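Biologist: I would like to learn how to read charged side-chain pairs in a model such as this one. Could you take me through it step by step?

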Amino acid sequence: MASKSTGGDRADLQGFFSDLVRCETRLYNALNDRLRERHGIVTSQFEALRYLRDHPGSRVADLAAEFAIGIGATSKSVDRLEKRGWAVRQPNPSDRRSSLLALTDDGSRLADAAEATVTDALAELVGGTLDGSSGSAALQAISTLRSLLERNQIGTPTG
């Protein structure tokens, strides 16, 4: 659990980092378990399916940028979605070097069903923890931090 620093009013940033990462890991693992049990997929597959559903005509590079992962790993993930019949690559009319990604009907149905599972699981797991003004402040702080990191391209893979 995070503690206050002895160096004045400054929060214990290492404790914050540890708490943030451990919460993310535990939530991600819990969602993996729920999605695997109910839909035969894992959280990263759900996130890719949802992104493609919400951003039709995306490229592998767009997915990689959104999730801050390398192009090669992203391409392999898309290969797995294609193999399962959930996504397809289509020619990009404006750039022959890349493809546009689309969900199949099965992929779209899976994304919708899995989203309901994730929403229910998050309500169960996080639920009342983020209620009230302290919850709103926490949500705002995390959103601001993410925006800052993304705007400054901090933590963006190089390959």
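Predicted model: local features only at pLDDT ≥ 70, side-chain atom pairs only at ≥ 80, totals over all residues.

Biologist: Which side chain does aspartate 106 meet in a salt bridge?

Modeller: The general idea is that a side-chain nitrogen of Lys or Arg must lie within 4 Å of a carboxyl oxygen of Asp or Glu. Here the partner of aspartate 106 is arginine 109, with an N to O distance of 2.4 Å, and arginine 109 is itself exposed, at a relative accessible area of 52%.

Biologist: How are aspartate 106 and arginine 109 placed in helix α5?

Modeller: Both belong to helix α5, which covers residues 105–125, and because they are three residues apart there, about one helical turn separates them.

Biologist: How many salt bridges does a search of the whole structure find?

Modeller: The search finds 13, including one between the side chains of glutamate 37 and arginine 38, where N and O are 3.9 Å apart. Glutamate 37 is exposed, with a relative accessible area of 63%, whereas arginine 38 is partly exposed at 46%.

Biologist: Which residues are linked in a network of salt bridges?

Modeller: Such a network joins Arg53, Asp54, Asp112 and Glu115. Within it, the side chains of aspartate 54 and arginine 53 meet at 2.8 Å, N to O; aspartate 54 is partly exposed, with a relative accessible area of 43%, and arginine 53 also counts as partly exposed, at 22% relative accessibility.

Terms used
Residues numbered from 1 in each chain as written. Heavy atoms only, no water. Buried < 20%, exposed > 50% of the residue type's maximum accessible area, 1.4 Å probe, protein only. Helix = DSSP H or I, 4+ residues; strand = E, 2+ residues; numbered from the N terminus.
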